[in-house]
Amino acid sequence: MPSSRYEKTGVGKKKPGEQTLLIRCLLAVLTALALFLFPPVGGLLAAPDVTGLRLGENGDRTRFVVDVDSDIQAEVFTLSDPYRLVIDLPAVEFHIDSQGIGEGKGLVKRYRYGLFDNDTSRLVLDLQAPGSLDRMFTLPPQGGNGYRLVFDIRPTSRADFLANVRKPVAVAHRAPTQSVLAPGQSVRRSKDKRVIVIDAGHGGNDPGAPGAAGRPEKDITLAVAMEAARQIKASGRYLPVLTRDRDIYLRLRDRVEVARRKKADLFLSLHADSLDNRSVRGGTVYTLSETASDREAAALARRENKADILAGMDLADEAPEVASILIDLAQRESMNYSARFANYLIPELKKRVLLRRNSHRFAGFVVLKAPDVPSVLVEMGYMSNIQDARMLGSKEGQARLASGLLSGIDRYFESVDREQF
Ligand SMILES: [Zn+2]
């Protein structure tokens, strides 16, 4: 998810003098009170300390050991291209000289570590070749040492590696007396899956564009949305949510609301446009912009946004006028992530279906205006073109589109995860 980093300017100017002194006194009192109520012992306030990271080799196994002063849990998963094994710990303090990076051994090329977010510290092991977690366990304190989290990694095939990417492999277990816990005996599922909202455009009394091959746009968007949700779910990596799973009318803002309510990580709205020029074919990916990138995009935005006017809703009283500066800023950041998602999605779609030249365009779609969710609108092809309409209406074409969407989603999140280090 995009993280907000906004600085306030021009507010809360400090006046030297009494006010500062008063604040200092207050702080001193509060600190004393906090120390009295929560003495800094027993790890109540302090994060666990990691005091060592070590690698060893034993035959074809590579062992990674984390020395830590308390019994903590770990979550492990893999990422592909390049091959990585990721270990997430609760937020810890690293008391290690190597400044966030360590040399590798065996299967591990090198490793990196640092704070991932407020609650998570992340260790990333860059692998020489595909590898999987063979087992992990916690050794209790012994002879003056703290706890040791042990991860054994073994070589695997690329196919096996890819089949398990992003799946949590195992969870270290609190094992104060029992020293070994095999994988599979995990006690806790990994973090919640990322939520992908798939929005089938139009529906009910809004058929969208008529189809050269018979079926209207609303049928095609629903069929592709259902297939995409099926493939996304089957990947095991995400939780798909459909804005509609049958032929019903939804207002544009209801579609956006689904994304916000479900705390979506991505929002994809599916459409298939129509043009007077029936020879034009190919898909286009749109992201939000205040100014459309060309006249055709502007005209398209007018057509797609019309759904609410049809239902007697006036778009003039929609979000823009109530948007505070903060919503505006969040939206700007989401727009950057949306554009980035489009950049990963387009090549994956291009491998499977025909796209137009200039396949990333910008337009002011109401449906892309969830301020905090990266969103794209995919015009999958032209209902007015007979070849496009046949492709869009076929199970085979729909499956290709869905697989392109899933691959684009994968590439995008890989880049988001990579960015953390
Ligand atoms: Zn449409």
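Student: Over how many bridges do strand 9 and strand 10 pair?

Tutor: Welcome! This is a predicted model, where local features need pLDDT of at least 70, side-chain atom pairs count only at pLDDT 80 or more, and totals for chains, interfaces and linings use all residues. Residues are numbered from 1 along each chain as its sequence is written, and side-chain values use heavy atoms, with hydrogens and water left out. Strand 9 and strand 10 (residues 147-155) run in the antiparallel sense, and two strands count as paired if DSSP finds at least two bridges between them; here the number of bridges is eight.

Student: Which residue in strand 10 is the bridge partner of Met-136?

Tutor: Strands of a sheet pair through backbone hydrogen bonds, either parallel or antiparallel. Within strand 10, the partner of Met-136 is Phe-151.

Student: How many helices and strands does the whole chain have?

Tutor: Helices (H or I, at least four residues) and strands (E, at least two) are DSSP runs, numbered from the N terminus. Counted that way, the chain comes to eight helices and 17 strands.

Student: Is Val-50 buried or exposed?

Tutor: Val-50 sits in strand 1 (residues 49-58). With a 1.4 Å probe and protein chains only, buried means under 20% relative accessible area, exposed means over 50%, and partly exposed is in between. Because its relative accessible area is 0%, Val-50 is buried.

Student: What distance separates the C-alpha atoms of Val-50 and Asp-67?

Tutor: Contact means heavy atoms within 4.5 Å, and beyond its neighbours within four places in sequence, Val-50 touches residues including Val-66, Asp-67, Val-68 and Phe-94. Val-50 and Asp-67 are 17 residues apart along the chain, yet their C-alpha atoms are separated by 5.6 Å.

Student: What share of the chain's contacts between residues at least 6 apart join residues at least 24 apart?

Tutor: The chain has 421 residues, and buried ones make up 47% of them. Taking contacts between residues at least 6 apart in sequence, the share joining residues at least 24 apart is 73%.

Student: What is the average twist in the sheet with the order 13-12-14-17-15-16?

Tutor: That open sheet has six strands with mixed pairing. Its edges are strand 13 (238-242) and strand 16 (355-363). From one strand to the next, the twist averages 20°.

Student: What angle does helix 3 make with strand 13?

Tutor: Helix 3 (residues 217-234) packs on this sheet and touches strand 12, strand 13, strand 14 (266-273) and strand 17 (375-382). Axes are lines fitted to C-alpha atoms, for helices over the stretch in contact, and angles run from 0 to 180 degrees between N-to-C directions. The direction of helix 3 and that of strand 13 make about 160°.

Student: And what angle does helix 4 make with strand 12?

Tutor: Helix 4 (residues 252-261) also packs on the sheet, touching strand 12, strand 13 and strand 14. Its direction and that of strand 12 make about 170°.

Student: How many of strand 4's seven residues are buried?

Tutor: Strand 4 (residues 84-90) runs antiparallel to strand 3 (residues 75-79), with five bridges. Strand 4 also pairs with strand 8 (residues 120-127) in the antiparallel sense over seven bridges. Strand 4 is mostly covered, and its count of buried residues is six.

Student: Which residue in the turn between strand 3 and strand 4 has a positive phi?

Tutor: The two strands form a hairpin with four residues between them. In that turn, a positive phi of about 50° belongs to Asp-81.

Student: How is helix 7 oriented relative to helix 8?

Tutor: The axes of helix 7 (residues 386-393) and helix 8 (residues 395-418) come within 5 Å and cross at roughly 80°. Angles under 35 degrees count as roughly parallel, over 145 as roughly antiparallel, 65 to 115 as roughly perpendicular and the rest as oblique. That makes helix 7, relative to helix 8, roughly perpendicular.
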